[in-house]
Amino acid sequence: MHDYSKVLPQATPETQPYWDGLKEGKLMLQRNKQTGRAYFPPRPFDPRDPFAEVEWFEASGKGRLLSYVISHRPPPGFEAPFAIAVVETDEGIKMMTNIIDCPQTPEALQLDMRLELAPTKVNDEITLPTWRPAKEG
Amino acid sequence: MPKPGSVAIVGAAELVSPEGRFPELSQLGLHAKAAIMAMKEAGLKPSDIDGVACAGASPTEVAFYLGITPTYVDGTAVGGCSFMIHVRHAVAAIESGLAKTVLITHGESGRSGIGRGGFGFARQSLNAQFEGWTGPMGPPTMFTVPVLRYMKTYGVTEEHLAMVAVVQREYAARNPNAMMKDPITIEDVLNSRMIAYPFRLLMCCLVTDGVAR
């Protein structure tokens with residue numbers, strides 16, 4: 001779908017476990033140890049309570065399609081049309097993504113449809129958290 | 001001049017490293033770490049803070065990262081004295097009722113060079129790591145992503161969206177300086193080229209050179 005001539009992410013120490021997890025096909029998120037509530041993007045504290053202890057955990061990799069646009073004006077490295085989407089994971093965090101293995105049409109992209117994590121490896125450093133329609137629930 | 005006793009500094013903190021390095025934190029992380037230490041000292045939570053000021057980083061990004069929803073932001077950046085000006089601005093903001101509690105931060109990964117570049121599209125920025133790679137480019141794809149959800153929740157149709165452009169064109173027709181003045185219909189809008197579904201060409205703002213005084 002992409003040739004990745006675009007600007008790619010680079011981890012910081014705070015986000016390294018997130019990007020390392022994706023390399024292994026896992027979605028690593030963080031949560032408040034007391035409340036159990038997840039937050040995103042990764043940082044060493046919970047923005048709802050910065051004094052609480054937090055921990056990394058492996059998320060389900062399941063979610064639903066919250067919203068999107070289908071861009072017909074591709075920036076470098078993209079082929080139009082392509083959807084820029086927001087997925088809400090079952091842990092309740094929202095993340096921007098691209099939806100792969102799916103026609104990039106309003107008919108195929110129904111709001112609230114179930115999605116599953118389908119990471120796209122770009123190079124040895126970066127695997128992007130792309131999502132696709134869920135095969136089951 | 002502020003009235004004596006009307007505004008106070010209630011907390012302050014600094015990170016100290018004898019080697020002058022914090023290799024475990026990005027520049028944004030340094031802002032946040034110092035802010036959290038100052039909040040702790042002052043006995044405040046992010047929800048107690050309604051103003052954020054910083055230079056170098058974007059105050060809205062620092063606020064987002066810390067879980068603060070500000071009513072007042074100050075990004076005055078005039079070099080090393082920016083932060084003294086932030087203090088003066090904060091006093092004025094508090095006295096005039098724009099904010100009750102203002103957080104002023106500074107963070108600089110000057111030696112380690114992690115996540116520098118604040119605003120922009122640097123690869124370690126929040127933008128590049130969590131948004132930019134998905135491909136938004138310009139207002140039609142940057143501001144529009146939540147709209148389909150809004151439409152589903154509130155029963156807004158594409159015709160409703162088109163009506164906004166129709167009415168705005170009516171206003172434009174009365175403005176002698178407007179670039180496009182010919183009336184348009186909902187059909188015209190819905191038949192115009194798709195830019196970023198559900199947004200079509202005539203729903204997008206014009207790109208112009210502009211100046212006002």
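Across all chains, this structure holds 16 salt bridges. By salt bridge I mean a side-chain nitrogen of Lys or Arg within 4 Å of a carboxyl oxygen of Asp or Glu. Side chains of opposite charge can pair when their charged atoms come close.

Before the details, the ground rules. This is a predicted model, where local features need pLDDT of at least 70, side-chain atom pairs count only at pLDDT 80 or more, and totals for chains, interfaces and linings use all residues. Residues are numbered from 1 along each chain as its sequence is written, chains are lettered from A and ligands numbered from 1 in the order in which they are written, and side-chain values use heavy atoms, with hydrogens and water left out.

Back to the salt bridges. Asp112(A) and Lys152(B) form one, at 2.7 Å from N to O. That pair crosses between chains: Asp112(A) sits in the loop between β6 and β7 (114–117) of chain A, and Lys152(B) sits in helix α6 (residues 147–154) of chain B. Helices here are DSSP runs of H or I with at least four residues, strands are runs of E with at least two, and both are numbered from the N terminus.

How many salt bridges are there between chain A and chain B? Three. Another pair is Glu125(A) with Arg123(B), whose closest N and O atoms are 3.9 Å apart.

Now the interface as a whole. Chain A brings 47 residues to the contact and chain B brings 42 residues. Contact means heavy atoms within 4.5 Å. The area buried between chain A and chain B is about 3,900 Å², with 65% of it from carbon and sulfur atoms. Three residues, Phe51(A), Arg73(A) and Met96(A), supply 16% of what chain A buries against chain B, more than any other three residues. Buried area is the accessible area (1.4 Å probe) that two parts lose on being put together, summed over both.

Polar contacts next. Between chain A and chain B, 16 residue pairs are in polar contact, both at pLDDT 80 or more. That is a pair of N or O atoms within 3.5 Å; within protein, one must be able to donate a hydrogen and the other to accept it, and residues adjacent in sequence count only if both atoms are side-chain atoms.

Which elements give two or more residues to the side of chain A that touches chain B? They are α1 (16–23), β4 (62–71), β5 (82–89) and β6 (94–97) of chain A. The largest share, eight residues, comes from β4(A).

β4(A) also joins strand β4 (residues 194–197) of chain B through two bridges, and the two run antiparallel. Ser71(A) stands opposite Ala196(B) there. Strands pair if DSSP finds at least two bridges between them.

On to the sheets. In chain B, three strands form an open parallel sheet, ordered β2-β1-β3. β2 (72–74) and β3 (102–105) of chain B are at the edges with a single partner strand each, so one side of each is left without a neighbour in the sheet. Strand β1 (residues 51–54) of chain B pairs with β3(B) over four bridges, in the parallel sense. Within that pairing, Ala53(B) has Ile104(B) as its bridge partner.

Chain A has an open sheet of three strands in the order β2-β1-β3, with antiparallel pairing. Its edge strands are β2 (38–39) and β3 (54–58), each pairing on one side only. Five bridges join strand β1 (residues 28–32) of chain A to β3(A). Gln30(A) has Trp56(A) as its bridge partner in β3(A).
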